[in-house]
Amino acid sequence: MKKIIFTIFLSILSHYFFGNNLEEGKLFEFNHQNGDKCRIISTVNEKVFLNNKYENKIDEISIKNNNTEFLLIKRNNVWVGKNIYYEFPVDQKLVENSLEKLKKIRKMYKISDNIKDYSSFSLDSSSCVEISCKSDKNILSKFYVGKLDFSNSKRFILIDKSTCVFKTDADFEDLLQLDY
């Protein structure tokens, strides 16, 4: 546990000192006080959660937290919300703005690729939020959202079929705040 916390601390320090100018692929090695050899490889990627080519094809957005699922369904170009009990109208502008934010090219800072670290970032199955964008029930994009970092401006993220934990701007919070 100490090693995980120390690795997270060093990742935060490297971001603080190097900021957006962090040189990709640079290896930092040092010895921890308990004798463990620690390594951090700085990685900055630019990614999108949703490819622009899928924008007009999306007809459903699924937001799952634990065993609760909330759906945004597009019918006749109008978005409606649906939970296990009923359907209801949703703010169209909020959904459109959220989709715009998902299409934004964003810097993602690789934090870890160790599956054992997921719970430290609230990315384990019991605490993360899973967001899927679908077209005709086919998943076009899926990612998992963990907790906010210490600055409350960035979130820890897992992108479907990847084992890497990334940290990125938390500018898509509207999607997580929908009342379900």
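Two strands count as paired if DSSP finds at least two bridges between them. Helices (H or I, at least four residues) and strands (E, at least two) are DSSP runs, numbered from the N terminus. The structure is a predicted model, in which local features need pLDDT of at least 70 and side-chain atom pairs count only at pLDDT 80 or more, while totals for chains, interfaces and linings use all residues. Residues are numbered from 1 along each chain as its sequence is written, and side-chain values use heavy atoms, with hydrogens and water left out.

**View 1. Strands E5, E6 and E7 are joined by hairpins.** Strands E5 and E6 run antiparallel and are joined by five bridges. Within this pairing, Ile73 has Val80 of E6 as its bridge partner. Two residues separate E5 from E6 in their hairpin, and Asn76 in the turn has a positive phi of about 50°. E6 also pairs with strand E7 (residues 87-89), in the antiparallel sense and over three bridges; here Gly81 has Phe88 of E7 as its bridge partner. Four residues connect E6 to E7 in a hairpin.

**View 2. Helix H2 spans residues 92-103.** The twelve residues of H2 reach 17 Å from the first C-alpha to the last, close to the 16 Å expected at 1.5 Å a residue (the expected span is 1.5 Å times one less than the number of residues). At the start of the helix, a side-chain oxygen of Asp91 comes to within 3.0 Å of the backbone nitrogen of Lys93.

**View 3. Helix H2 has buried residues.** Val95, Ser98, Leu99, Leu102 and Lys103 are buried (under 20% relative accessible area, with a 1.4 Å probe and protein chains only). Seen down the axis of H2, these residues fall within an arc of 140°, so they line one face of the helix; the arc is that of the directions from the helix axis to the C-beta atoms. Their cover includes strand E4 (60-65), strand E9 (129-135), strand E10 (138-148) and helix H3 (173-176).

**View 4. The largest nonpolar core has 25 residues.** A nonpolar core is a set of buried Ala, Val, Leu, Ile, Met, Phe, Trp, Tyr and Cys residues joined through side-chain atoms within 4.5 Å. Ile61, Leu102 and Ile131 have the most contacts inside this core. E4, E5, H2, E9, E10 and H3 each supply at least two of its residues. Apart from it lies another core, of nine residues, including Phe121 and Leu158.

Key:
Buried < 20%, exposed > 50% of the residue type's maximum accessible area, 1.4 Å probe, protein only. Contact = heavy atoms within 4.5 Å. Polar contact = N/O pair within 3.5 Å; in protein donor to acceptor, adjacent residues only side chain to side chain.
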